[in-house]
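These are my notebook entries on one chain. I list what I looked up, entry by entry.

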Amino acid sequence: MDKKVYELIDSYRDEFVQMLQEWIRTPSVKGEAAPGAPFGTDVRKMLDRAMTDARKLGFPVRDFDGYACDITLGDAEDRIAVLGHLDVVPVGDGWTKPPFDAVIAGKRIYGRGANDDKGPSLAALFAMRAIREAGVPLKKGIRMILGCDEESGWEDMEYYSAHEQIPDIGFSPDAAFPLINTEKGMLVQELRAPESGTGLKILQLSTGDRVNVIPGECSALVAGGEELIRRTEAYAAQTGLPYKAELADSGVLLTAEGIPGHSAYPEGRRNAIGMMLLLLKELGADGPVAALAEAVGMESDGQHLGCACRDEVSKNLTCNMGILRLENGEWYGTLDMRCPVSADQEMLKAQTAGHLPGFDITVETQKPPHHVPAESELVTALLAAYHEETGTEGKPMSTGGGTYAKVLKQGVAFGALFPDEEDLAHQADEYADISRLMTAMKIFANALIRLAAD
Ligand SMILES: [Zn+2]
């Protein structure tokens, strides 16, 4: 890459950090819709700030009625897309730093959105600025689209694409380096079955409210006394799993302690609903509970549902029961499967139904996988940029999560977390390493030059 581009990027550091601080200090959690602010006035303020700053940096900017904005470099109609987002998830518990003060400690800048996705988005915008100020001749345009609803329903991209043509090719700096070229398909099924009239009597169970969360705790109230407590303790000792049982007013309260997480990343986690199903079966539950214990249990790979599968580009299928409730004599549960590119989702549905007889099963969400070949021009150009700026060879990766990359015909997730960095997106004490963001800026500039320069 041209020496001039490096010099410019190095000269931006202070200005970049100050601007990022202002972005982090503008909390942009989704709120109630208002005129011109479909995701609430806080998100609207963030959108206004980003548009003002982009204009200050010398770019033409357009507002898409509070859903998104776009920022354009170059006149060519054929464009490369860069897709980021300005909204953030709610703060949550456990912070030791103020979440919206953009405190700098050492090389880190702390705050909700520092890494997901304000830091990476702003780094990409400064990369566009360096390309412009260095006078790099472009044969393609570059269009950054900053959405305001990535963390919720993606209505921003729906609105944008209804009003403007989205480029075919590009990347989303909203995940990790080196690059993610495979996003698994998604199949969420809802299960319903009448409760059993025999076996262990379950009085109450209601765990989870999101299909894509691995529940961290599950409790159940069951009919019985001391005997059940003794058997629960024996089962806990036998399995080494953290179960508790105590006498309650109307029976025994059972608790299973899991390890919470995101459904797409079950490694090192433990589904508390799965634990509870196994315990309930052990204590004499039959019918739907026993069937779920056998077919799902604590497995995260769909093995006993007949759904386990994998391929080289996607790795293995993941399966998560995020919700289980007993309501008005009926069991209701959800299965969130993230499916390899090669998986036949119709077959997965048939297998699920075959392994859970007696359940009424409906599809809540079904999304195809997204894959850009490793040999494509896009992937090879981005990996070459990553290699040139870091000295490291990168291999394309797969994810069970989703990014805006799949909005593009040929889109990949690219940055900005480096392989050795901890991922605190959506967690307490989210931060971005400023030096790493400056490196990311160089990688983005390098990549965009490869894709768009004359
Ligand atoms: Zn994000």
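Before the strands, a term: I take two strands as paired if DSSP finds at least two bridges between them. Helices (H or I, at least four residues) and strands (E, at least two) are DSSP runs, numbered from the N terminus. The model is predicted, so I kept local features to pLDDT of at least 70 and side-chain atom pairs to pLDDT 80 or more, while totals for chains, interfaces and linings use all residues. Residues are numbered from 1 along each chain as its sequence is written.

**Entry: strand 3**

I looked up the partners of strand 3. Strand 3 pairs with strand 6 (residues 141-147) in the parallel sense over seven bridges, and in strand 6 Arg143 stands opposite Ala81. On strand 7 (residues 169-172), also parallel to strand 3, I found three bridges; here Phe171 stands opposite Val82.

Next I looked up burial. I call a residue buried if 20 or more other C-beta atoms lie within 10 Å of its own, exposed if 12 or fewer, and partly exposed in between, with C-beta atoms placed from the backbone. How many residues of strand 3 (residues 79-85) are buried? Seven of the seven are, so strand 3 is largely enclosed by the rest of the structure. One side holds Arg79, Ala81, Leu83 and His85, the other Ile80, Val82 and Gly84, and both faces are covered.

I noted an open sheet of three strands in the order 4-5-27, with antiparallel pairing. Strand 4 (104-105) and strand 27 (431-433) are at the edges with a single partner strand each, so one side of each has no neighbour in the sheet. Strand 4 is joined to strand 5 by two bridges in the antiparallel sense. One of the bridge pairs I wrote down is Ala105 with Arg108 in strand 5.

**Entry: helix 1**

I checked the length of helix 1 (residues 3-24). The expected span is 1.5 Å times one less than the number of residues. For the 22 residues of helix 1 that should be 32 Å, and the end C-alpha atoms are 31 Å apart, which agrees. I also looked up the bend, which is the angle between axes fitted to the seven residues ending at a position and the seven starting there. Helix 1 has a kink of about 50°, centred on Arg13.

The buried residues of helix 1 include Val5, Leu8, Phe16 and Trp23. What do the buried residues of helix 1 pack against? I found helix 2 (41-56), strand 5 (108-110), helix 3 (114-133) and helix 10 (434-452). I count two residues as in contact if their C-beta atoms, placed from the backbone, lie within 7 Å.

**Entry: Lys118**

Lys118 is in helix 3. Is Lys118 buried or exposed? I recorded Lys118 as buried because 31 other C-beta atoms lie within 10 Å. Leaving out residues up to four places away in sequence, Lys118 touches Leu20, Trp23, Ile24, Leu86 and Gly113. Lys118 and Leu86 are 32 residues apart along the chain, and their C-alpha atoms are separated by 6.1 Å.

**Entry: cores**

A nonpolar core here is a set of buried Ala, Val, Leu, Ile, Met, Phe, Trp, Tyr and Cys residues joined through C-beta atoms within 7 Å. The largest has 85 residues, of which Ala127, Leu382, Val412, Ala445 and Leu448 touch the most other members. Helix 10 gives the largest share of this core, eleven residues. Apart from this core lies another, of 49 residues, among them Ala193, Leu278, Ala285 and Trp331.

**Entry: domains**

The bounds come from an automatic or database domain assignment. I have domain 1 as 3-184 + 371-452 and domain 2 as 185-367. The contact takes seven residues from domain 1 and twelve residues from domain 2. The domain centres, taken over C-alpha atoms, are separated by 37 Å.

I found a cis peptide bond from Asp116 to Asp117, with omega near 10°; Asp117 is in helix 3. The bond from Gly415 to Ala416 is cis, with omega near 5°, and Ala416 is in strand 26 (residues 416-417).

Trp154 is not a glycine but has a positive phi of about 60°. I located Trp154 in the loop between strand 6 and helix 4 (155-163). Trp154 counts as partly exposed because 16 C-beta neighbours lie inside 10 Å. His426, also with a positive phi, near 70°, is in the loop between strand 26 and strand 27. With 15 other C-beta atoms within 10 Å, His426 is partly exposed.
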